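Subject: Structure for your review

Dear colleague,

My notes on it follow.

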Amino acid sequence: MSKIKAAIIGSGNIGTDLMYKLERCAHIELAAMIGIDPDSDGLRRAHDRGYPIYANGIQAIVDQPGLADIVFDATSAKAHVRHAKALRELGKIAIDLTPAARGPFVCPVVNLAEKLESDNVNLITCGGQATIPIVHAINRVADVSYAEIVATIASKSAGPGTRANIDEFTFTTRRGLEEVGGADVGKAIIIMNPAEPPILMRDTVYCDVKEMDEQAICRSIQEIVASVQQYVPGYRLKQEPLFDGNRVTVFLEVEGAGDYFPPYAGNLDIMTAAAAQVGETVAQHLLAAGAN
């Protein structure tokens, strides 16, 4: 089976977990793991699994443009601003796991099919990937006027990158609720819970709707949850949606697959799972275009 070459920039936790998920993709060949710390665990693991490794960052792609056609950026928002420009000039497709948002927002089950021609797509945030499908599911049958989400994650699953990007998280997630989810107005809140043992990622979605239809809303939510579970098996409803006047409340839980992160880090796992799903779909699109 034909495959498209891909590289990961960022050999930290996100990039390392993504490596394991890309190994299960039928249409992607991981061609390189790229970092800036030659002693990082991600580069060591990639080397042990037989992948070419580089410790000179984006320069590895600049020096060897043929290394990959798809580049997953698992670094930081600040770094991706530079990377996006370099990758565009090289004609590469960038799948951005940072909050930099240099390309259109993408949530696989909502709007990926519309963005397959984009050379840079942004995966919003972990809270966005978990909650935007629910807002979209409600909006398509009930017209959401306001959506508010509260993402609660284990403090242990929030590394320095997450903590440094809290402002970007709230702003980017809000934009995603509106631009992708379809809410007229959105709001996002993140809570880092220090409980021991660490809790699973939990998300609460509040939506005010203009056209209340409880049966249609429940049916639409169940359909979207099943779709997300195709690439995030640990994504689930905690209970049936609650209805109160014109408000719908949905409680979610996300358990990670345990590839590199512990299962409680569903917030990190959903990002890498979404990235792998986007990469696989983009690769199939490229292969189909090449065959025509």
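Strands here are DSSP runs of E of at least two residues, numbered from the N terminus. By that criterion Tyr235 belongs to strand β10, which spans residues 235-237. Please bear in mind throughout that this is a predicted model.

Surroundings of Tyr235

Tyr235 has a relative accessibility of 0% and therefore counts as buried. Setting aside neighbours within four places in sequence, its contacts include Ala130, Pro133, Ile134, Val225 and Val228. Gln229, Leu252, Glu253, Val254 and Ile270 are also in contact with Tyr235. With Ala130 there is a specific approach: the Tyr235 side chain reaches the backbone oxygen of that residue at 2.6 Å. Glu168, 67 residues from Tyr235 in sequence, lies 24 Å from it, C-alpha to C-alpha.

The annotated active site and the cysteines

An unreviewed UniProt entry places the feature "active site" at Cys126. This residue is located in helix α6, residues 126-142. Is Cys126 buried or exposed? Its relative accessibility is 13%, so Cys126 counts as buried. Not counting residues up to four places away in sequence, Cys126 touches Phe169, Met201, Asn267, Ile270 and Met271.

The structure holds 0 disulfides. For Cys126, the closest cysteine sulfur is that of Cys107, at 12 Å, which is too far for a bond. For Cys25, the closest cysteine sulfur is likewise in Cys107, at 17 Å, again too far for a bond. Cys25 is buried, with a relative accessible area of 9%.

The annotated domain and the open sheet

The unreviewed UniProt entry also carries the annotation "domain: Semialdehyde dehydrogenase NAD-binding", which covers residues 5-118. This span is 35% helix and 19% strand, and its end C-alpha atoms lie 17 Å apart.

An open sheet of 6 strands is present, in the order β3-β2-β1-β4-β5-β6 and with parallel pairing. At its edges stand β3 (53-54) and β6 (120-122); each has a single partner strand, so one side of each is left without a neighbour in the sheet. Strand β2 (residues 28-34) runs parallel to β3 and is joined to it by 2 bridges. The bridge partner of Ile34 in β3 is Tyr54.

Salt bridges around Lys21

Side chains of opposite charge can pair when their charged atoms come close. The structure holds 21 salt bridges, and several of them involve Lys21.

Asp17 and Lys21 form a salt bridge through their side chains, at 2.7 Å from N to O. Both residues are in helix α1 (residues 13-22), where their 4-residue spacing means that about one helical turn separates them. Asp17 and Lys21 are both buried.

Lys21 also forms a salt bridge with Asp259, with the closest N and O atoms 2.8 Å apart. Because Lys21 lies in helix α1 and Asp259 in the loop between β12 (247-254) and α10 (266-291), this pair ties together parts that are 238 residues apart in sequence. Lys21 has a relative accessible area of 6% and is buried, whereas Asp259, with 23%, is partly exposed.

A further salt bridge joins the side chains of Lys21 and Asp269, at 2.8 Å from N to O. Here helix α1, which holds Lys21, is tied to helix α10, which holds Asp269, so the linked parts are 248 residues apart in sequence. Asp269 is buried, as is Lys21. Through shared partners, salt bridges join Asp17, Lys21, Arg24, Asp259 and Asp269 into one network.

With kind regards

Technical notes. Residues are numbered from 1 along each chain as its sequence is written. This is a predicted model: local features need pLDDT of at least 70, side-chain atom pairs count only at pLDDT 80 or more; totals for chains, interfaces and linings use all residues. Side-chain values use heavy atoms; hydrogens and water are left out. UniProt positions are given in the numbering used here, feature names are shortened, and annotations may be inferred rather than shown by experiment. Two strands pair if DSSP finds at least two bridges between them. Buried means under 20% relative accessible area, exposed over 50%, partly exposed in between (1.4 Å probe, protein chains only). Contact means heavy atoms within 4.5 Å. A polar contact is a pair of N or O atoms within 3.5 Å; within protein, one must be able to donate a hydrogen and the other to accept it, and residues adjacent in sequence count only if both atoms are side-chain atoms. A disulfide is a pair of cysteine sulfur atoms within 2.5 Å. A salt bridge is a side-chain nitrogen of Lys or Arg within 4 Å of a carboxyl oxygen of Asp or Glu.
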